[in-house]
Amino acid sequence: MPDDLLLVRARELWVELAGSPVEFCPSGEAKAVVAPRSRLSPPSWTGFVRIGDAAIVTAPNVRAAGMVDDAIREMSHEELVDVGRLRAVLPVLDVLGPASLFYLDRDGFLPAHEGAGVERLPIDDGDGGLAALLALSGEEEAGESGLEEISSPAFMLRRGDEVVAAAGYRSWPRSVAHLSVLVAPHCRGRRLARAVASAAVAHALDAGLLPQWRARRYPSQRVAVALGFQELGTQLSVRLGDTSPRPGPCSVSTPPQLTADLPPSKNGLSAGALRRES
C-alpha cells in the first residue's frame, strides 16, 4: 500500500509545478486547467500527471483545454496516461513519456551494500571524469539521465582513472530531490547504478529531502525498487494538433510575459527519464 504521506507530498509537488490552481481529481473527474506556465510539459504541450488514483491535466490555452476535456470525460486515471488511449481520442502529434514516478522515505530506504569506493565530489570540483562519462554515454543518454543538471555533490565510482558510474540529484520545489544516475555503457549490469544512487539517496534523506525517481526504462525502474522506492504515479506530455486559439472579433493576444519564464527543458525541470516516443 502506498504511504499516505508520500502521496500527499508527491501531489503537492506536481500541483505547484502546474503553475495554475489545480487539484488532483479521482477517476472520471479530471479536467484540463489552462496553465501556460505549467512545468508538467514543454511550452505549448499538454501535461498529464497521475499520482495514486487521481490525476491533474494542464493545457497551454483555452482551446486545447476544451479539446482535452471533451476527449477525456469519464476516463480513468490509468487511461489518462495511456498513450494509445489518448491517440484514439485526441490529435496527438508527439509524445514525451510516459515515465513512472517513484518516491521514498527514510523508513523505506534499502541502502545498497555495493557502495564501497563511491567518491563524493562537489559539483563544481572540476573533475573531468564526470564529463568523460557523459561524453562516453552519448548525447541522448546523457541528456536523459539529467546528470548535467544536478545541484548536489556527484557520487561516482571509478575503475582505474575512468569514472564508470555517477549519481546525484537536482533540488526541486517542495523539498524534493530529483535523482539522476548514469552508468558507462560497457559497465552496465554490475549493480553500479544501485551503488552510486544509494549514496545520492542517503545524502538527500540526510538533508531532509523527498527523493524522487522518474524512469521510463525497466532497468532504471528496477534499480529504484531495489532501493525501496514506491511507484506512485506516471507523467506524460503530448503535443496536440490544431490547438492554436482562434481569433475572434474581441480576441486579445496573449501577453509575452505569460510564457517568458517557461523552463527550456522538454519535460518541465530536467531531461530526466522522459523521452520522445513516435
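Two residues are in contact when heavy atoms of each lie within 4.5 Å. In this predicted model, leucine 80 is in contact with Ala30, Phe48, Ala55, Ile72, Met75, Leu86 and Leu236, leaving aside its neighbours within four places in sequence. The protein chain has 278 residues, of which 51% are buried, and it holds nine helices and 12 strands.

**Chain overview**

- Among contacts between residues at least 6 apart in sequence, 75% join residues at least 24 apart.
- The chain exposes about 13000 Å², and carbon and sulfur atoms supply 51% of that area.

**Leucine 80**

- Leucine 80 lies in helix α3, which covers residues 77-80.
- Leucine 80 counts as buried because its relative accessibility is 2%, and the cut-off for buried is under 20%.
- Valine 57 is 23 residues away from leucine 80 in sequence, and the two C-alpha atoms are 8.8 Å apart in space.

**Largest nonpolar core**

- In soluble globular proteins, nonpolar side chains tend to be buried together.
- The largest nonpolar core here has 44 residues, and Trp213, Leu227 and Phe229 touch the most other members.
- At least two residues of this core come from each of α5 (128-137), β7 (154-159), β8 (162-172), β9, α7, β10 and α8.
- Helix α7 gives the most to this core, with nine residues.
- Not counting residues up to four places away in sequence, leucine 227 touches Leu104, Gly108, Phe109, Leu110, Ala112, Arg194, Ala197, Ser198 and Trp213.

**Serine 198**

- Serine 198 lies in helix α7.
- With a relative accessible area of 6%, serine 198 is buried.
- Apart from neighbours within four places in sequence, serine 198 is in contact with Phe109, Pro111, Ala112 and Leu227.
- Phe109 and Ala112 are also among the residues that leucine 227 touches.

**Largest pocket**

- Rolling a probe the size of a water molecule over the atoms shows where empty space is left.
- The largest pocket contains about 730 Å³ of space.
- This pocket is lined by 28 residues, and the closest to its centre are Val181, Ala193, Pro219, Ser220 and Val223.
- The elements that give two or more residues to the lining are α6 (139-145), β9 (176-183), α7 (192-206), β10 (210-215) and α8 (218-226).
- Strand β9 supplies the largest share of the lining, six residues.
- By residue class, the lining divides into 12 nonpolar, six polar and 10 charged residues.

**Backbone details**

- Glycine 97 and proline 98 are joined by a cis peptide bond, with omega about 0°.
- Proline 98 is found in strand β5, residues 92-103.
- Serine 175 has a positive phi, near 55°, in a residue other than glycine.
- Serine 175 sits in the loop between β8 and β9.
- At 39% relative accessibility, serine 175 counts as partly exposed, because that class runs between the cut-offs of 20% and 50%.
- Arginine 191 is a residue other than glycine with a positive phi, near 65°.
- The place of arginine 191 is in the loop between β9 and α7.

Note on methods: Residues are numbered from 1 along each chain as its sequence is written. This is a predicted model: local features need pLDDT of at least 70, side-chain atom pairs count only at pLDDT 80 or more; totals for chains, interfaces and linings use all residues. Side-chain values use heavy atoms; hydrogens and water are left out. On a 1 Å grid over the protein atoms alone, a cavity is a set of points where a 1.4 Å probe fits but cannot get out, and a pocket is an open set with protein on both sides within 12 Å along at least five of seven lines; lining residues have an atom within 4 Å of a point. Grid points are joined across faces, edges and corners, and a volume is the space filled by probe spheres set on the points. Helices (H or I, at least four residues) and strands (E, at least two) are DSSP runs, numbered from the N terminus. Ala, Val, Leu, Ile, Met, Phe, Trp, Tyr, Cys and Pro count as nonpolar, Asp, Glu, Lys and Arg as charged, and the others, Gly among them, as polar. A nonpolar core is a set of buried Ala, Val, Leu, Ile, Met, Phe, Trp, Tyr and Cys residues joined through side-chain atoms within 4.5 Å. Buried means under 20% relative accessible area, exposed over 50%, partly exposed in between (1.4 Å probe, protein chains only). Accessible areas come from the Shrake-Rupley method with a 1.4 Å probe; for residues, only the protein chains shown count as cover.
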